[in-house]
Amino acid sequence: MTTPLTVEQLHPRLGQLTLIDVRSPGEYASGHVPGALNVPLDRLDQALAALRAAAERGELAIACASGRRAATACRQLAGAGVPARVLTGGTDAWAAAGHPLERPAGARAVWAMDRQVRFAAGTLVLLGLVADRALPGTRRLAAAVGGGLVFSSLTDTCAMGRALGRLPFNRPRSGAPGLDETLAALGR
C-alpha cells in the first residue's frame, strides 16, 4: 500500500525530501513541481539503486500528472523494498492549489500521456472502421486496439503509453537533463 502525500503536506517540506516525477521527459518539461527530478516510469528499474540510496538518506516522494502513474511507481518501489509516498493528485493538484510549476527555458507544452493514449487509440479505431469500407477486414485493427485497452485496464499497464513515450516529442530535448544526469543528482 502506498502512503499518500497531499500538496499541503508537500509544500512546506519541498526542500527536505527527494521528489521524483515519473512522467515522460516531454511531460516533465512542460511543467513540474519545483525541484522534482525526472525518472520516467518505464525507466524506474534502471534508477532503482539510486532511488534506494535516496530513500535511505531521507523521504522519497513520487509525482506524475494525476497520481496514477506515481501510485504504480510506488508499488514497484515497494516491491523492491524502497519506501516512497505518492503525491495525491500529482502536478495537476499542485498547480490547482496555486503553486508554480517549473519549466525549462524554451520548453513547450506536451499532452499528458493518458491524453496521448486516448487520442492514438481513438484515431486507430476510427481509421480501422473507415478503412474497412475500402479494405475489408481492417476493422480488425479497431478490435485489436479495443482488446489492447481492455488488457491495459486489467493489468494496469500501457504498452501504447510506453511506445508513445519513445516518440521525439516525449524525449528529453538537447540540453535537458536525461536519466544519467538525474541519477547523478540522486547520488549527491
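Of the 188 residues of the chain, 40% count as buried. The model described here is a predicted one. Its accessible surface comes to about 10,200 Å², and carbon and sulfur atoms account for 60% of that area. Taken along the principal axes, the C-alpha atoms fill a box of roughly 60 × 35 × 30 Å.

The secondary structure consists of 9 helices and 5 strands. Followed along the sequence, these elements give the pattern β-α-β-α-β-α-β-α-β-α-α-α-α-α. Among the contacts in the chain with a separation of 6 or more, 68% are made by residues 24 or more positions apart.

The largest nonpolar core has 23 residues, of which Ile20, Leu51, Leu60, Ile62 and Leu77 touch the most other members. At least two residues of this core come from each of helix 3 (48-57), strand 4 (60-63) and helix 4 (68-79).

Charged side chains form another part of the picture. The chain carries 21 positive and 14 negative side chains, and the centres of these two sets lie 6 Å apart. In the whole structure, 5 salt bridges are found. One of the pairs joins arginine 23 to aspartate 21, with an N to O distance of 2.8 Å; both of these residues are buried.

Another salt bridge connects the side chains of glutamate 59 and arginine 85 at 3.0 Å, N to O. This pair links distant parts of the chain, for glutamate 59 is in the loop between helix 3 and strand 4, whereas arginine 85 belongs to strand 5 (residues 85-87), 26 residues apart. Glutamate 59 has a relative accessible area of 27% and is therefore partly exposed. Arginine 85, by contrast, counts as buried because its relative accessibility is 16%, and the cut-off for a buried residue is under 20%. Glu59 and Arg85 also belong to a network of salt bridges in which Arg13 takes part.

A further salt bridge is formed by the side chains of arginine 139 and aspartate 132, at 3.1 Å from N to O. Aspartate 132 has a relative accessible area of 16% and so is buried.

Terms used. Residues are numbered from 1 along each chain as its sequence is written. This is a predicted model: local features need pLDDT of at least 70, side-chain atom pairs count only at pLDDT 80 or more; totals for chains, interfaces and linings use all residues. Side-chain values use heavy atoms; hydrogens and water are left out. Helices (H or I, at least four residues) and strands (E, at least two) are DSSP runs, numbered from the N terminus. Buried means under 20% relative accessible area, exposed over 50%, partly exposed in between (1.4 Å probe, protein chains only). Contact means heavy atoms within 4.5 Å. Accessible areas come from the Shrake-Rupley method with a 1.4 Å probe; for residues, only the protein chains shown count as cover. Lys and Arg count as positive and Asp and Glu as negative; His and the chain ends are not counted. The place of a charge is taken as NZ of Lys, CZ of Arg, CG of Asp or CD of Glu. A nonpolar core is a set of buried Ala, Val, Leu, Ile, Met, Phe, Trp, Tyr and Cys residues joined through side-chain atoms within 4.5 Å. A salt bridge is a side-chain nitrogen of Lys or Arg within 4 Å of a carboxyl oxygen of Asp or Glu.
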